[in-house]
Protein chains: 2
Amino acid sequence: MKEKKLTIPTLKRLPLYYNIAIRALARGENYISSAFIAEKLDIDATQVRKDIATIGYVGKPKVGFDTKEFSTHLETFLGFSKERNIILIGAGNLGIALAKYDGFTQYGLQIKAIFDKDSRKIGMKILDKEVISVSEMKNFIVKNNIQIAVLTIPAQFAQEVADELVSVGIKAIWNFAPVNLDLPKDVICWNQDLAASFITFVQLLKD
Amino acid sequence: MKEKKLTIPTLKRLPLYYNIAIRALARGENYISSAFIAEKLDIDATQVRKDIATIGYVGKPKVGFDTKEFSTHLETFLGFSKERNIILIGAGNLGIALAKYDGFTQYGLQIKAIFDKDSRKIGMKILDKEVISVSEMKNFIVKNNIQIAVLTIPAQFAQEVADELVSVGIKAIWNFAPVNLDLPKDVICWNQDLAASFITFVQLLKD
DNA sequence: TAGATTGTTAATCGATTAACAATC
DNA sequence: TAGATTGTTAATCGATTAACAATC
């Protein structure tokens with residue numbers, strides 16, 4: 001029941017457990033074992049049990065983890081029902097793809113606005129959201145109490161925009177620009193450099 | 001000079017070093033130190049030197065690493081000049097965004113074709129590439145000796161498409177679908193589940 | 001030369017895996 | 001009950017960090 005310290009590796013695995021759990025639930029499986037999850041993810045079953053213990057969920061010895069209960073526990077723990085107000089900066093291809101991506105909404109991600117500096121894009125509709133001029137960004141953040149920003153702009157503008165975001169109290173940045181941002185320690189930055197990720201991936205073909 | 005074993009953590013950092021090096025080069029800085037790189041990435045300078053030693057590049061004690069030489073060494077090591085023939089499966093928002101993304105071309109990524117099963121999308125042009133029916137996918141892979149596939153299709157179709165890919169000799173899959181694929185051990189799979197990544201990211205806001 | 005930075009070995013830290021008792 | 005699976009402690013493994021000699 002007591003929660004231990006969560007590490008990043010554990011935090012990365014939890015959403016994967018969730019995916020497996022809801023799929024098992026959809027198939028009508030009432031219980032899943034740590035060995036089953038481990039096999040799917042090609043990791044150790046002890047790892048799985050330890051992670052699950054860390055978030056305070058307990059299984060039934062001999063039976064496994066109650067699929068429904070476990071899924072719900074993960075939903076609560078990971079905060080899916082908690083609405084996350086987010087803004088997206090950069091209405092390029094990637095920004096538009098993310099704005100349209102339906103994989104996010106089920107996790108409570110609510111994109112409140114999309115900003116761009118290109119006047120030709122201002123007013124454009126992406127699903128139900130309009131592209132707004134970056135000149136209105138700071139005001140919008142303050143007014144709507146936004147805490148999370150997604151950066152899908154070219155690398156050369158990323159730092160200056162990040163500085164603006166920080167100046168109005170943004171607490172977390174999901175950064176798709178291929179650059180490491182210089183930020184105050186209390187601002188969380190999550191880098192998602194797809195090109196860098198691709199390069200790492202193809203290196204694995206070497207051996 | 002001798003190359004030691006490359007670990008995944010090291011492989012993930014190398015592209016970041018490259019980004020920093022080319023930017024320093026553009027600013028006209030002839031040398032960069034491990035301390036400089038470390039500070040940018042908020043990691044330990046020893047780590048940086050160790051990684052660099054691993055890929056067989058040597059710096060100058062007292063001076064640092066020759067920016068131009070180091071960049072070139074990384075380009076060669078990471079194989080940017082080696083053309084990678086790739087196909088993309090799934091012409092949805094994310095697939096189109098990746099197909100248009102210019103961040104890849106400089107690293108040798110060549111998208112040879114885009115496949116989709118939606119007849120309304122077949123024939124659509126994305127930059128200079130046409131969307132082709134998945135029914136032609138296997139033939140295309142064999143004829144063009146494709147080794148790498150990018151999967152940007154819904155989770156429920158990912159496994160069957162992956163099986164098809166494997167059956168015609170695909171060696172590596174960059175998987176954006178939120179599902180863990182069941183593949184032969186010799187096929188490399190790199191999962192890029194953006195929704196899962198987002199969930200992990202927002203957990204960091206908890207403390 | 002003196003000082004700064006690399007290269008590398010040793011120490012530490014943390015994550016993964018093994019072993020096994022507890023449990024239903 | 002016997003067997004299967006959890007929960008957890010101990011052992012291992014690997015990655016990061018500290019220390020410092022080598023070098024220009």
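Helix H1 (8–26) and helix H3 (45–54) of chain A, along with helix H3 (45–54) of chain B, each supply at least two residues of the surface near DNA strand C. This is a predicted model. For DNA strand D, the helices that each supply at least two residues of the nearby surface are H3 of chain A together with helix H1 (8–26) and H3 of chain B. The points below cover the two DNA strands, the relation between the two protein chains, the make-up of chain A, and two parts of chain B.

**DNA strand C**

- There are 23 residues around DNA strand C, and those that come nearest are A:Lys62, B:Ser34, B:Arg49, B:Gly59 and B:Lys62.
- Of the atoms of DNA strand C that come within 4 Å of the protein, 54% are accounted for by sugar and phosphate.
- In the side chain of B:Ser34, an N or O atom is 2.7 Å from a phosphate oxygen of DNA strand C.
- A:Gln47 has a polar side-chain atom that lies 2.8 Å from a sugar or linking oxygen of DNA strand C.
- A base nitrogen of DNA strand C lies 3.4 Å from a polar side-chain atom of B:Lys62.

**DNA strand D**

- DNA strand D has 23 residues around it, of which A:Ser34, A:Arg49, A:Gly59, A:Lys62 and B:Gln47 come nearest.
- Sugar or phosphate makes up 57% of the atoms of DNA strand D within 4 Å of the protein, and the rest belong to bases.
- The largest share of the surface near DNA strand D comes from H3(B), which gives 4 residues.
- From A:Lys62, a backbone N or O atom lies 3.4 Å from a sugar or linking oxygen of DNA strand D.
- The side chain of B:Asp44 has an N or O atom 3.4 Å from a phosphate oxygen of DNA strand D.
- The side chain of B:Lys50 has an N or O atom 3.5 Å from a base oxygen of DNA strand D.

**How chains A and B are related**

**Chain A as a whole**

- Chain A contains 8 helices and 9 strands.
- The C-alpha trace of chain A spans about 60 × 45 × 35 Å along its principal axes.
- Chain A has 207 residues, and 50% of them count as buried.
- Taking the contacts in chain A between residues at least 6 apart in sequence, 57% join residues at least 24 apart.

- Strand E7 (residues 148–151) of chain B is covered on both faces.
- On one side of E7(B) are B:Ile148 and B:Val150, on the other are B:Ala149 and B:Leu151, and all of these are buried.
- E7(B) pairs with strand E3 (residues 84–89) of chain B in the parallel sense, over 4 bridges.
- Within this part of the chain, B:Leu151 in E7(B) has B:Ile89 standing opposite.
- Strand E8 (residues 172–175) of chain B also pairs with E7(B) in the parallel sense, over 4 bridges.
- B:Ala172 in E8(B) is the bridge partner of B:Ile148.
- To get from E7(B) to E8(B), the chain crosses through helix H7 (residues 155–167) of chain B, and this β-α-β crossover is right-handed.

- B:Lys129 has its place in strand E6 (residues 129–133) of chain B.
- The relative accessibility of B:Lys129 is 15%, so this residue counts as buried, the cut-off being under 20%.
- The side chains of B:Lys129 and B:Asp128 are joined by a polar contact of 3.0 Å.
- With neighbours within four places in sequence left aside, B:Lys129 is in contact with B:Ala99, B:Ile111, B:Ile114 and B:Met124.

Methods: Residues are numbered from 1 along each chain as its sequence is written. Chains are lettered from A and ligands numbered from 1 in the order in which they are written. This is a predicted model: local features need pLDDT of at least 70, side-chain atom pairs count only at pLDDT 80 or more; totals for chains, interfaces and linings use all residues. Side-chain values use heavy atoms; hydrogens and water are left out. Buried means under 20% relative accessible area, exposed over 50%, partly exposed in between (1.4 Å probe, protein chains only). Two strands pair if DSSP finds at least two bridges between them. A crossover is right-handed if, with the strands pointing away from the viewer, the path from the first strand over the helix to the second runs clockwise. A residue is near a molecule or strand if one of its heavy atoms lies within 4 Å of it. A polar contact is a pair of N or O atoms within 3.5 Å; within protein, one must be able to donate a hydrogen and the other to accept it, and residues adjacent in sequence count only if both atoms are side-chain atoms. Contact means heavy atoms within 4.5 Å.
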